[in-house]
Amino acid sequence: MCGVNRLEPSKSALFGRKFHALRGYGRRDAARALVRRRVLAEVKEKELELNVRLTIEEELPQDHEISCVAELLTVDVGSALNLAFGGFKDSGGGFDSVEVSVLLCNDEFIRKRNKEWRDEDRATGVVSKSRHVPDLKVSNVVLGDIVISVETAVRQAQQRGHTLLDEIRLLMVRGLLHLLRFDHEISKEAAGEMEKEEDRLLDSLGWKGKGLVLNAYDAETHGNFNEKPDDRKREDRLRFYKPKFRYIFCDMDGTLLDSRSLMSSTTARALKEASSRGVKIIIATGKARPAVMRVFKMVDLAGKDGIVSEFSPGVFLQGLLVYGIQGREICRRNLDQDVCREACVYSLENKVPLIAFSKDRCLSLFDHPHVDSMHTVYHEPKADIIPSVEHLLAAADIQKLVFMDTAEGVSTALRPYWSEATGDRATVVQTVPDMLELVPPGTSKGSGVKMLLDHVGITPKEIMAIGDGENDVEMLELAGLGVCLSNGAEKTKAVANVIGASNDEDGAADAIYRYAF
């Protein structure tokens with residue numbers, strides 16, 4: 001008989017932790033809120049009262065499949081416990097009731113319990129901790145705790161070709177047998193004895209699965225563990241973790257894009273998976289919005305159902321253009337007209353390619369391979385050639401200018417000259433070695449990000465930021481967690497909370513799997 005009729009705290013220290021509720025419990029809601037647990041059922045039998053507490057750890061997000069399995073497991077645990085005690089030679093005598101607690105969790109949680117209980121720093125399918133003292137004469141026995149990783153169960157179910165419920169039943173039986181003093185790790189013979197009892201339970205209950213115990217013995221005695229200790233969540237397994245941040249702000253060049261200015265399939269999958277788990281991905285870049293759209297379209301993540309679209313918020317052109325809710329422009333800053341004129345004249349006189357950015361357009365004074373590369377390599381809009389300085393200045397308001405030269409030319413000539421020539425009229429920014437940008441003073445991605453946060457009503461603590469360049473410094477300082485990739489500038493690394501892998505090693509994807517959930 002199943003019924004929910006008790007909410008007093010468990011005798012187990014583990015289950016005094018924070019858990020979230022799945023069902024309502026009427027008059028006892030206040031008690032449930034106090035202990036913050038999700039109690040699914042208590043199973044009672046007249047001959048021997050069996051109290052089963054099934055709980056879902058609060059860091060495991062709401063998931064329909066897991067909830068359905070948990071509902072079925074409330075009955076299954078009681079059935080297995082009743083059968084195990086019925087066939088166990090030392091069971092039942094003098095006992096009025098037996099209590100067992102079962103917790104469903106993710107790999108991160110079970111890894112901590114495995115380390116605490118067994119001194120093994122790895123994730124596993126199930127761990128148990130007995131609370132029963134055999135020689136203690138009591139009528140009410142607290143048998144102990146069974147902790148099952150749903151994350152591992154899903155993976156093993158796929159490997160073995162059966163359902164998640166089948167796998168969790170197997171793990172539950174194994175955990176229960178451990179509480180009944182079976183131990184498959186002692187020897188091959190002990191593992192065989194435990195497997196015999198496992199087979200009896202599975203056959204009697206009509207459940208699928210064989211050989212779990214001996215497989216586990218062989219794996220553990222030969223060191224063939226499922227997981228190596230690692231803080232990185234695996235691909236396709238973010239469903240088992242709650243997001244730590246509401247938003248992730250990402251740079252493009254040197255961060256989401258590799259050294260070829262392309263987004264890898266691994267990075268694209270990480271962005272898509274994070275987005276599917278409710279995390280908003282916001283681009284904060286020196287690029288124009290059309291360039292970002294073009295890149296995301298290449299990996300099928302642009303448009304209404306993608307990561308970026310004309311209706312999504314974002315920070316572009318180093319924070320000079322900021323789009324808010326529904327893609328509405330909330331900020332635009334233009335470069336000083338005199339600085340634009342001086343830069344255009346310098347470009348013509350010294351034959352140094354210059355590109356002017358005006359919202360969704362690029363303008364230049366003459367054709368050049370570097371100018372073409374801005375479109376073919378960096379995905380920016382193809383530049384309109386306007387050979388007259390005055391015509392170019394009259395064509396549109398300019399938000400920023402980009403000189404393109406060799407890395408040596410930028411460092412030895414362009415940067416020293418324009419750092420002095422602009423004075424307080426503009427700021428010099430360098431994001432890649434072969435480009436130098438001139439932007440309005442006080443411009444930064446950080447200020448653009450802050451403006452967008454105020455617009456959507458969230459705090460910096462609720463965001464994670466990933467970048468690499470000097471122009472990402474303020475953004476990383478602002479964020480609750482700032483990640484600089486290993487290919488980043490030293491100034492950026494100095495302010496980051498974490499140094500990640502490089503952009504050519506899918507560093508952004510790794511940071512999402514490791515820190516965002």
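Mentor: Let's start with Lys 129, which sits in strand 5, residues 126–130. Helices (H or I, at least four residues) and strands (E, at least two) are DSSP runs numbered from the N terminus. Keep in mind that this is a predicted model, where local features need pLDDT of at least 70, side-chain atom pairs count only at pLDDT 80 or more, and totals for chains, interfaces and linings use all residues. Residues are numbered from 1 along each chain as its sequence is written, and side-chain values use heavy atoms, leaving out hydrogens and water.

Trainee: Is Lys 129 buried, exposed or partly exposed?

Mentor: Buried means under 20% relative accessible area, exposed over 50%, and partly exposed in between (1.4 Å probe, protein chains only). Lys 129 counts as partly exposed because its relative accessibility is 30%.

Trainee: Which residues does Lys 129 touch?

Mentor: A contact means heavy atoms within 4.5 Å. Leaving aside residues up to four places away in sequence, Lys 129 touches Trp 117, Leu 143, Gly 144, Asp 145 and Leu 179.

Trainee: How many bridges join strand 9 and strand 10?

Mentor: Three, in the antiparallel sense, with strand 10 covering residues 321–323. Gly 314 stands opposite Tyr 323 of strand 10.

Key:
Pairing = 2+ DSSP bridges.
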